[in-house]
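Hi everyone, thanks for coming. Let me put the structure up, and then I'd like to talk about a cavity and a loop residue.

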Amino acid sequence: MRLNVVLRYVGLILLLDAAFMLLSVVVSLLGGMDTGFYPLLQSFVLTAILGAFPLIFVPRGGQISSKEGYAIVVGAWLMSCLAGMLPYVLWGGEFSVSDAWFEAVSGFTTTGSTSLSNVEALPRGLLFWRASTHWLGGVGVVMFVLVVLPSMGSTKMRLSSVELSSMAKDNFRYRTQKILQILLVVYVGLTLVETVLLRMAGMSWFEAVCNSFSTIATGGFCTRNASIAAYGSLWIEMIVVFFMAVSGLHFGLIFATLTGKSNNIFRSEISRYYVLSLLFGGLIVSVSLWASDMYPTFASSMRYGFFQVVSVSSTTGFATADSSVWTPLAIIVLILFTMQCACAGSTTGGIKCDRVLLAFKTIRAMMIRRQHPNAVIRVKLNGVIQEQSVVDMAMLFIVFYLMLLALGTIVVAAFGMDLETSFSMTASCMANAGVGFGKAGSMSNYHDFPGAIKYICTVFMLLGRLEIFGLLQLFVTNWWK
């Protein structure tokens, strides 16, 4: 594997990070040169130099191999997180090194968990940078660079195939460059529309932009300590719920729907399953809250229940209530949605609806085969017969995902955390959902957790964002030969 090739492409990603740091510097300057100005400016200079260095001094290496593609993608994520923590470390305040690393990884992986006990103490420049890490990480830092760069031939195709989830590719019936353009057009378009609507609903332009970044990236960083609950506005909550749910759909299907193509959201079996599961789960949680007198009316129970179900399922992590004190049934439903999450081809994490639906169909096929040994049963998804290798890979992913979830629960519990906190914390980090229960509840933060737990959580965030195998391959000795 050629290290010079990897360094050049990672350098390009760092330059993109530096560009958003510079934008954050401008926000800080326009806000009266707040206390975040110099930390952001220094971080911009350091990141820009680090990104430009391999472009100047490292020679080109031609087309890349699959191994180099994986190394570039993983290296880009790790270096972006390292660069992303610089403004926090230089600013100081609540940020220790472990807190700054946690905040950066949580931002870029769109997990949305925070190590801050007082978010509102951050200057505007840092709040904008914090939201920008979500927006960059949502569609993928590598994807942004691939859209901007001129034609790179098979290199662009190789990198996009590594960055894009394997389950997402079936609904993209275009060439690589077109896929990248569709992703960015839908991503930017949704962000702009939600920003305008949130401004009309009462947010300032600054808060509307930051919260739109978090919503469309399905991240969850908010500009307020109490998350979306701080606004106390039904209109804001309805707008956020809608865009959280939409951001959980396959972006290719959103584009196809808007352009009148036949392979649209309404014809997708996976999209229907996703929407129906949201409706069914939201109804169960709402009835549970209403029956237990958690809220005075069924309407208010639906307001809070549906918001939290969509927030968790889309892995956004916004909150309008403390779900840790809800009924056991409501908590179980939310945990199940934390593991399933939304659709491949979106900005969400988790196992994804595609694999869950495929698992149900595979189980059904196996049961029919047991009853009729000579029957030929084909597993179909969206009317397309699935290759056995695709089915096997999906089942392997689910098994491996659950094994890591169990391992993480055990490791966190070893630090003295209770079972509810340990399991939900690991599940939320693996799914990049950000919302757990117990001490890691929707209205809590990670500030008082030991540094070791924060580092462990960031490992699971990266595993979830890179869909496990991308990150683990770097630790296989034979892979480097």
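Let's begin with helix H6, which gives the most to the lining of the largest cavity, with three residues. Helices here are DSSP runs of H or I with at least four residues (strands are E, at least two), numbered from the N terminus. Keep in mind that this is a predicted model, where local features need pLDDT of at least 70, side-chain atom pairs count only at pLDDT 80 or more, and totals for chains, interfaces and linings use all residues. Residues are numbered from 1 along each chain as its sequence is written, and side-chain values use heavy atoms, with hydrogens and water left out.

By cavity I mean a set of points, on a 1 Å grid over the protein atoms alone, where a 1.4 Å probe fits but cannot get out; lining residues have an atom within 4 Å of a point. Searching the whole structure gives two cavities of 30 Å³ or more, and the largest has a volume of about 40 Å³, volume being the space filled by probe spheres set on the points. Its lining includes Leu 127, Arg 130, Cys 210 and Phe 221. Helix H6 (124–139) and helix H10 (205–216) each supply at least two lining residues.

Now to Ala 342, in the loop between helix H15 (328–340) and helix H16 (353–371). Is Ala 342 buried or exposed? Ala 342 is buried (under 20% relative accessible area), at 0%. Beyond its neighbours within four places in sequence, its contacts include Gly 248, Tyr 274 and Asp 354, a contact being heavy atoms within 4.5 Å.

Conventions:
1 Å grid on protein atoms, 1.4 Å probe; cavity = no way out; pocket = protein on both sides within 12 Å on 5 of 7 lines; lining within 4 Å. Buried < 20%, exposed > 50% of the residue type's maximum accessible area, 1.4 Å probe, protein only.
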